[in-house]
Amino acid sequence: MVEAFTYKAFGLIIKSEFEIPELLVFEGSPDVEIKLGEVPKQLKDITKQGVKYQAAKNEFLLEVDHIAKYYVNNGRQIIVDTVKTTVDKEVRLFLLGSAFGALFLQRGLLPVHGSTIKFGDSATIFTGLSGVGKSSIAAYFVSRGYNALADDISVVNHNLKVVPGFPNIKIWNDVLQKLDFNKESLAEIRPNVKKFQVPINDNYFNEPLPLKNIIIINTKNSPGFEHEELTGIKKFNAIKNNTYRYRFVQGLEKQLDHFQILNKLLPEIKVYRVTRPQSPLLLNEFADFILNNIIT
Amino acid sequence: MSIAKKEQIKNIIWLASYPKSGNTWFRVFLTNLLSDSDVPSNINDLTETSISSSRKIFDEYTGLSSSDLTFEEIDRMRPDVYRMQSLESEELLFKKVHDKFYYVDDNQVLFPDEISKGVIYFIRNPLDVLVSFAYHSARPTEKMISVLNNPEYAFCDKNDKLQNQLRQILGSWSDHVKSWTKQTMIPVHIIRYEDMVNNTFESFSKAVKFIGIEKTEAQIKDAIGKSDFSVLSAQEKEDGFKEKMIKSKSFFRKGKIGDWQNHLDEKMKNEIITNHKDVMMKYGYLDDHNPVF
């Protein structure tokens, strides 16, 4: 019998044939199974494809050169086919990233690209383009004692709550230097990428929370912070465009599910665009601006 | 996994240059030329010409986060990102490039020839490039000399922080020019910035002809008028320009030919000339040992 590990992450009970130390251990009958094995070479009836993925209705195949292939189907199963001798942190990095993103979309959930912080009794998601500072501001709030629910992918479930992901934030070395974390024993996400896995066990909130705000971070090439509340079509498009791996949605033929959850969610939340200077990254001032203008 | 075999067509025009050589001016012109509007296009909305080092486009097309990948891994995937964009487009695509032209591995170049209709390469007197680039980066001119001379020079090449664009290897000014103008895989049309300023209509018309789009003399003149330096500079004063670096005061500074004479001493001038003599001679920037412009 194959050894099995059971975890809970993003509101799902996950049974895996290999250990995933990033996730929190749990017991119960699984919603999702992760196995090692062979994956299809090609999908049939491809509806969308990218450079490294193919999507069909309820099927998704991702290939990361020299690391692994991931086959996700029906929102219930992920098969990992790795070229490595063991499932190491690199294999898990893309599993917990793009492969999980496809899994959530197959289940009709809304994965937003960004990190979630608990303010009061509700959740606020920080989203925006890659490199805009989503994880940095979340890590800063954590360093000031706030609790986080998720980093990089924040999943909104059908009850319009953000479900906790796993107690970890990925932070680049330059930001890490500015924060008051214990830097010893931190591991790089990959040998040649100076981004670190920072465990946040003490500041991890492990219950679903109603989503109150989505903050889209933007940058500008002039000093000072600005904010604007988005409404109407701008509000809709902002969330659509910041859906994690939005191009998968079409491939998985999940446009209707995606549209429905957005329509249900939008009247219940506020969406802001907050613009910060490109540089320097003034986390303290940025956090204060958010606290004073949005999280009042 | 290989990209589906719909027939690849040559529909990308690369707008390539070392920085501060007229690329953005041409992009504004092109945006105006391709637009039906009576008023000049907004400099903050140059959607007709996307930037080839965009992290967002890379992430969308690969299905991966570039921030989880090494520079080398990203480089090896970039050609496929362009192939896929080419495949998905029925129309001509214009892509701005500051990278030099190079091989990402033994078998492939960064910009695949089978999807490339051509490259317009913008070149400008490196003495003026130096002054403009220093202003743009808010760095002392003396320091920028080593940038123009540096064969390893690259944008966004720090591996301990996340930068807003993908890494772009430029090499030295001469490396950059030679990489694009000596390659024979993609048809290249070279435009000198000085000709864009001095013989605007002729220079822009030749580029339009090279691109292969049908436009009348009146349409070209109209687009030139709408992308005049004064228009761009006024727009920037009014609303800013998002491609400006945060430390510099403005993107559209002077655009003058020979402005280096107001900023460079003899030693600085000679450092550039000594390092880039051959290329400067070839493109008419040096007459024996004296700058032409």
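This is a predicted model: local features need pLDDT of at least 70, side-chain atom pairs count only at pLDDT 80 or more; totals for chains, interfaces and linings use all residues.
Chain A is divided into two domains, with domain 1 spanning 5-107 and domain 2 spanning 111-293. The C-alpha centres of these two domains of chain A lie 23 Å apart. Their contact takes 23 residues from domain 1 of chain A and 23 residues from domain 2 of chain A. On the side of domain 1 that touches domain 2, helix 1 of chain A gives the most, with 10 residues. By residue class, that side of domain 1 of chain A divides into 11 nonpolar, 7 polar and 5 charged residues.

Strand 1 (residues 5-9) and strand 2 (residues 12-16) of chain A pair in the antiparallel sense over 5 bridges. Within this pairing, A:Thr6 stands opposite A:Lys15 in strand 2 of chain A. The two strands form a hairpin with 2 residues between them, and A:Phe10 in the turn has a positive phi of about 55°. Strand 1 of chain A also has an antiparallel pairing with strand 3 (residues 24-25) of chain A, over 2 bridges. Here A:Tyr7 of chain A has A:Val25 in strand 3 as its bridge partner.

Further along chain A there is an open sheet of 3 strands, in the order 15-17-16, with antiparallel pairing. The edge strands of this sheet are strand 15 (168-172) and strand 16 (187-190) of chain A, each of which pairs on one side only. From one strand to the next, the twist averages 45°. Strand 15 and strand 17 (residues 193-199) of chain A are joined in the antiparallel sense over 5 bridges, and A:Ile169 stands opposite A:Val198 in strand 17 of chain A. Helix 2 (residues 134-143) of chain A lies across strand 15 and strand 17 of chain A. This helix of chain A runs at about 120° to strand 15 of chain A.

The largest nonpolar core holds 149 residues. Which of its residues touch the most other members? They are A:Tyr70, A:Ile78, A:Ala99, A:Val155, A:Val162 and B:Leu130. The largest share of this core, 11 residues, comes from helix 1 (residues 89-106) of chain A. The core draws at least three residues from each of domain 1 (5-107) and domain 2 (111-293) of chain A. The surroundings of A:Tyr70 can be listed in detail. Leaving aside residues up to four places away in sequence, A:Tyr70 touches A:Leu62, A:Ile78, A:Val80, A:Phe94, A:Leu95 and A:Ala99. Two of these, A:Ile78 and A:Ala99, are themselves among the core residues that touch the most other members.

The last topic is the contact between the chains. In this interface, 30 residues of chain B are in contact with 31 residues of chain A. Helix 2 (55-62) and helix 3 (71-88) of chain B are the elements that give two or more residues to the side of chain B that touches chain A. Helix 2 of chain B provides the largest share of that side, 6 residues. How do the residues on this side of chain B divide between nonpolar, polar and charged? They comprise 10 nonpolar, 10 polar and 10 charged residues.

Terms used:
Residues are numbered from 1 along each chain as its sequence is written. Chains are lettered from A and ligands numbered from 1 in the order in which they are written. Two residues are in contact if their C-beta atoms, placed from the backbone, lie within 7 Å. Helices (H or I, at least four residues) and strands (E, at least two) are DSSP runs, numbered from the N terminus. Ala, Val, Leu, Ile, Met, Phe, Trp, Tyr, Cys and Pro count as nonpolar, Asp, Glu, Lys and Arg as charged, and the others, Gly among them, as polar. Two strands pair if DSSP finds at least two bridges between them. Axes are lines fitted to C-alpha atoms, for helices over the stretch in contact, and angles run from 0 to 180 degrees between N-to-C directions. A nonpolar core is a set of buried Ala, Val, Leu, Ile, Met, Phe, Trp, Tyr and Cys residues joined through C-beta atoms within 7 Å. A residue is buried if 20 or more other C-beta atoms lie within 10 Å of its own, exposed if 12 or fewer, and partly exposed in between; C-beta atoms are placed from the backbone. Domain bounds come from an automatic or database domain assignment.
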